[in-house]
Amino acid sequence: MPVSIGPDQGRAALLSAFGCYALWGVMPLLFMGQAAVGFDSLEILAHRALWAVPVAGLLVWLARQGGQVAAVFRTPRTLAWLTFSTVLIGLNWGIYVWATTHEATLEASLGYYINPLLNMVVGLWLFREKIDRWGWIAIGLAAVGVLFQALALGRPPWISIVLALSFATYGVIRKRVPIDAQAGLLVECLLLVPFGLAWVLWLQNTGAGVAFDSPANTIWALANGPATVLPLALFAWSARRLPLSTIGFIQFLAPTLQFMVGVWAGEALTPLRVVSFAFIWGGAAVFAAAAWFRVRAARLALKDAAEPV
């Protein structure tokens, strides 16, 4: 539920929103750095699951949400839904880590550009939400962008599609599960820990792991914990205090930064891919502008209704 805030908290919420999307946007640099010192994508994913637990646990303790976590394990239905969401977020993390360490950051950024547009389609399908003509224009532009991306790659942009679908489905499930974001993330990380721990132990036992080869590598591994949890904590705090129109604008910061990281890393940016992203950016701009105008019109309507006649 949204909360009422003053000007100081409003500025703090805005900074938190920019902070979370900026961190998500530059996260490929973390994974690229780990790959450069010998980590493979599965080892990164295992340490991400492992070291997110103490950070998420600390935030849950500070927020006094431990009771929610305990309640999940006493409620089979809720635990089943969070197990499903854990599979989805694990798939999303795995694909994203693989993409950013295999010169596919541009394709990954495309997935997060189309994700909010896909959310509109999911809302229409599952929740009978209405899409106005501007929403359909945004979706159409994104669809054309995906088509051009497929032509540029010579195949469907599977990374983009899987990232967008997995995260959209994850969002639907988490919307239905009665648990706060931080407590839910801790449960998901706890469910992932056995797999992450087993993989790390196997790597160390076979000599294939690099996380503990040097203090620097250990720091790289430990960094996955706060990098996973802190952006979500910032998002959870700001999303309750900012209008959806503001979030709608800011959320495109993450894929934009991811795109810039991909270009900086030297990934191929052919003319056809530029055309693809031009359509995607057009769809994102229409989506964000339409969301802002809807909220602005609603505010004006409330203001007019409140004025005495």
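Me: What is a salt bridge, and how many of them does the structure hold?
Reply: A salt bridge is a side-chain nitrogen of Lys or Arg within 4 Å of a carboxyl oxygen of Asp or Glu. The model discussed here is a predicted one. Under that definition, the number of salt bridges that the structure holds is two.

Me: Which parts of the chain does the salt bridge between R155 and E107 tie together, and how many residues apart in sequence are they?
Reply: The side chains of R155 and E107 meet with a distance of 2.8 Å from N to O. Because R155 lies in the loop between α6 (133-153) and α7 (158-176) while E107 belongs to helix α5 (residues 105-127), the pair ties together parts of the chain whose separation in sequence is 48 residues.

Me: Which helices hold R174 and E188?
Reply: R174 forms a salt bridge with E188, and the closest N and O atoms of the two are 3.2 Å apart. This pair links distant parts of the chain, 14 residues apart, with R174 in helix α7 and E188 in helix α8 (residues 181-206). Both R174 and E188 are buried, and the helices asked for are α7 and α8.

Me: How many helices and how many strands does the protein chain have?
Reply: Read along the sequence, the pattern of the protein chain is α-α-α-α-α-α-α-α-α-α-α-α-α. The secondary structure therefore consists, with helices and strands taken as DSSP runs, of 13 helices and zero strands.

Me: What percentage of the contacts between residues at least 6 apart in sequence join residues at least 24 apart?
Reply: The protein chain has 309 residues, of which 45% are buried. Where contacts between residues at least 6 apart in sequence are considered, the share joining residues at least 24 apart is 86%.

Me: Which helix supplies the largest share of the nonpolar patch on the surface?
Reply: The patch is formed by L23, V26, L29, L230 and W264, which together have about 480 Å² of accessible area. W264 has its place in helix α12 (residues 253-264) and, at 65% relative accessibility, counts as exposed. The largest share, three residues, comes from helix α1 (residues 7-36).

Me: What distance separates the C-alpha atoms of G38 and V210?
Reply: G38 sits in the loop between α1 and α2, where it is partly exposed with a relative accessible area of 41%. Although G38 and V210 are 172 residues apart along the chain, the separation of their C-alpha atoms is 6.4 Å.

Note on methods:
Residues are numbered from 1 along each chain as its sequence is written. This is a predicted model: local features need pLDDT of at least 70, side-chain atom pairs count only at pLDDT 80 or more; totals for chains, interfaces and linings use all residues. Side-chain values use heavy atoms; hydrogens and water are left out. Helices (H or I, at least four residues) and strands (E, at least two) are DSSP runs, numbered from the N terminus. Buried means under 20% relative accessible area, exposed over 50%, partly exposed in between (1.4 Å probe, protein chains only). Contact means heavy atoms within 4.5 Å. Patches are made of residues with over 30% relative accessible area and no salt bridge: like charges are joined within 9 Å, nonpolar side chains (Val, Leu, Ile, Met, Phe, Trp, Tyr) within 5 Å. Accessible areas come from the Shrake-Rupley method with a 1.4 Å probe; for residues, only the protein chains shown count as cover.
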